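Below are my notes on the model, as numbered points. Please read them with the structure open.

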Amino acid sequence: MEELIYKLKQQIIEALNLEDMKPEDIDDNASLFGEGLGLDSIDALELIVMMEKNYGIKLQDPAQGKEIFKSVAVMADFIQKNRTK
Amino acid sequence: MIRHCVHISPNEVKVDGKALIHNDKGSTMLTELYRTYVGDYPKFFKMDTLSRVGFLASELLLNAEGNRCFEPREDRAVIFFNRNASLQADTHYQSTIQNPENYFPSPAAFVYTLPNIVTGEIAIRNKYFGETSFMIIDDFDEKIIMKNLENAFQDPITKSIIGGWVDCSDEEHFEADIFIMEKD
Amino acid sequence: MEEKIGGKRMIVKVSDNIISPLGTTSAENYAAVKAGMSALRRYDGLWGLPEPFFASLLDRKAYADDRQTIDEKIVIDSISKALEGTVIDTTWTKVLFIISTTKGNVFLLDERENGLPKERVRLGMMAREVTKHFCNPNEPIVVSNACISGVCAQIEAMRYLESGEYDYVIVCGVDVQSAFIVSGFQSFKALSQEACKPFDANRCGLNLGDAAATIIYTRKDKVNDNEWVACRGAIRNDANHISGPSRVGEGSYRALRVALGDLDPSELAFINAHGTATPYNDEMESIAIERAGLSSVPVNSLKGYYGHTMGAAGVLETIISMQAIDDHNILATRGFDTLGVTHHLDVTDQNRNTEKRVFIKLLSGFGGCNAALLMAKGGVQ
């Protein structure tokens with residue numbers, strides 16, 4: 001799981017062009033949207049693409065994203081359970 | 001009346017005619033300029049090349065103007081022209097859908113496939129509620145641009161325009177020549 | 001006869017045309033819309049896209065050509081039809097062409113496209129194909145300001161005419177759908193899988209559409225009661241987000257305020273809104289309209305007939321609105337059933353009678369831009 005979390009942080013940084021960030025800068029449980037990393041609606045959509053590209057998980061409803069993208073830890077948990085790649 | 005001007009090309013940056021010193025060229029120069037003269041706007045790294053060039057040019061221009069207060073205003077317009085519209089962003093987006101075996105359309109890339117987005121980025125950064133617009137002409141033509149910008153003062157509120165040419169054909173080929181034009 | 005408005009001469013419509021899946025003249029298009037018709041339908045697997053989509057598309061085969069793109073052909077066709085019956089000689093230097101488009105000719109970027117030179121993806125080249133056809137000596141201007149381009153182009157026309165530099169300005173808005181555009185909106189999850197429902201409680205996204213639409217403007221000292229006058233237009237930015245509309249409708253409200261000017265809102269027959277049927281856009285417009293003090297003005301959207309025609313929308317929807325007022329009609333909002341925005345708007349799914357002669361065309365677009373245009377039959381006091 002730890003390996004997945006680290007890899008996921010790298011993928012998030014790359015997918016969202018968070019140029020000045022390193023995986024160490026992202027807290028596992030910090031909220032990604034709102035206060036935490038301050039990601040926006042386009043970032044959420046881009047994460048949906050990233051999930052499909054890297055893990056084969058298709059999210060049809062962007063509203064699902066709100067729950068899954070709460071934090072890196074929540075995301076990793078979801079991916080672990082639903083990945084097809 | 002023209003107050004302040006900025007020129008950016010892959011090898012050269014000038015503010016009010018004076019060259020700025022930089023170590024890099026091309027796309028890495030843009031990043032260097034960001035770190036040296038801006039630094040507090042990480043959204044820069046999400047922008048396509050056209051928006052980076054236009055945004056940086058506007059930052060240098062507004063720093064030259066001075067007294068930056070980021071207070072909302074409606075009397076300043078942002079009106080740019082170019083030849084290539086959003087070609088660099090279009091090419092990048094096309095690459096995310098070109099291959100049916102690797103088909104992953106990118107929303108972050110798609111949003112930049114409109115040339116006017118750069119004017120929106122400048123409006124957001126500076127809280128400009130005024131007019132923002134983008135026009136295409138196939139060759140740079142100062143006369144056409146100046147006449148069009150003068151016309152923009154017909155808007156009852158517009159008193160100041162950030163205007164000019166901001167173009168980009170790929171990540172390493174771009175240019176900006178922008179200025180502040182004030183109503184006489 | 002209406003005299004000059006405050007010293008300025010008036011910008012007057014000479015003629016117009018629409019080329020769309022609903023017809024090849026403005027009258028034909030209006031008749032179809034009045035009868036509640038639409039070419040919106042589902043497409044499965046078109047252009048190799050994995051996800052189906054709902055759109056209003058022209059028959060590509062009818063426009064197949066190895067010398068011109070479909071975008072160029074329908075622009076030339078639309079302008080030609082608008083010029084019929086006018087005295088305008090397009091070879092005059094006092095005639096300017098303004099094209100409005102978001103992604104004209106973008107399909108040429110696809111590596112599988114081998115027909116025309118790739119350089120035609122440049123919008124200036126696309127526009128020069130048009131002026132070349134009409135032997136016009138001037139450099140055409142292309143307005144590419146996201147989905148508000150069609151109103152921006154009309155505002156540019158008004159300014160050029162007001163400045164006296166030109167006697168006629170031919171404005172043509174165009175966009176033709178493609179894998180590039182559809183896939184992009186699909187990545188935004190902004191498209192509805194069925195016919196769109198502007199302002200409706202169950203709206204879930206937009207449909208896309210093909211169209212070309214032309215309005216030719218000139219400048220006059222006096223107008224008669226039946227002539228259409230473009231009175232005032234304004235473009236304003238939300239300064240909020242590059243793709244999401246302002247939650248307080250800032251730019252839309254400010255554009256409305258300037259376009260309205262000192263006109264008494266009770267003179268407005270309707271506001272033809274952007275009404276794309278996305279959850280955010282329609283909500284934002286309801287806020288902007290209320291902030292502008294226009295909640296009691298009837299509102300409609302034409303996206304339920306044509307889908308979102310992007311660069312053509314501002315021109316097409318202005319023409320249909322003029323046709324409607326000529327017919328004493330406020331067009332129904334096709335797809336609407338129950339109001340689903342937090343601020344009250346007077347929207348219905350029925351055509352309604354009106355004797356009023358003024359309307360506002362309102363639009364919003366990516367990049368936070370918004371535009372409003374005040375049009376008056378016979379001008380305003």
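1. Helices here are DSSP runs of H or I with at least four residues, strands are runs of E with at least two, and both are numbered from the N terminus. On that basis chain C has nine helices and 15 strands. The radius of gyration, taken over C-alpha atoms, is compared below with a globule rule of 2.2 Å times the number of residues to the power 0.38. For the 381 residues of chain C the rule gives 21 Å and the model has 19 Å, which is close, so chain C is as compact as a globular protein of that length.

2. This is a predicted model: local features need pLDDT of at least 70, side-chain atom pairs count only at pLDDT 80 or more, and totals for chains, interfaces and linings use all residues. Residues are numbered from 1 along each chain as its sequence is written, while chains are lettered from A and ligands numbered from 1 in the order in which they are written.

3. The C-alpha atoms of chain C occupy a box of roughly 55 × 50 × 40 Å along the principal axes. A residue is called buried if 20 or more other C-beta atoms lie within 10 Å of its own, exposed if 12 or fewer, and partly exposed in between, with C-beta atoms placed from the backbone. Of the 381 residues in chain C, 63% are buried.

4. Two residues are in contact if their C-beta atoms, placed from the backbone, lie within 7 Å. Taking contacts in chain C between residues at least 6 apart in sequence, 79% link residues at least 24 apart.

5. Helix α7 of chain C covers residues 279-291. The expected span of a helix is 1.5 Å times one less than its number of residues. After α7(C) comes Gly293(C), with a positive phi near 75 degrees.

6. Chain A has four helices and zero strands. Its radius of gyration is 12 Å, close to the 12 Å that the globule rule gives for 85 residues, so chain A is as compact as a globular protein of that length. Buried residues account for 28% of the 85 residues in chain A.

7. Between chains, eight residues of chain B contact nine residues of chain A.
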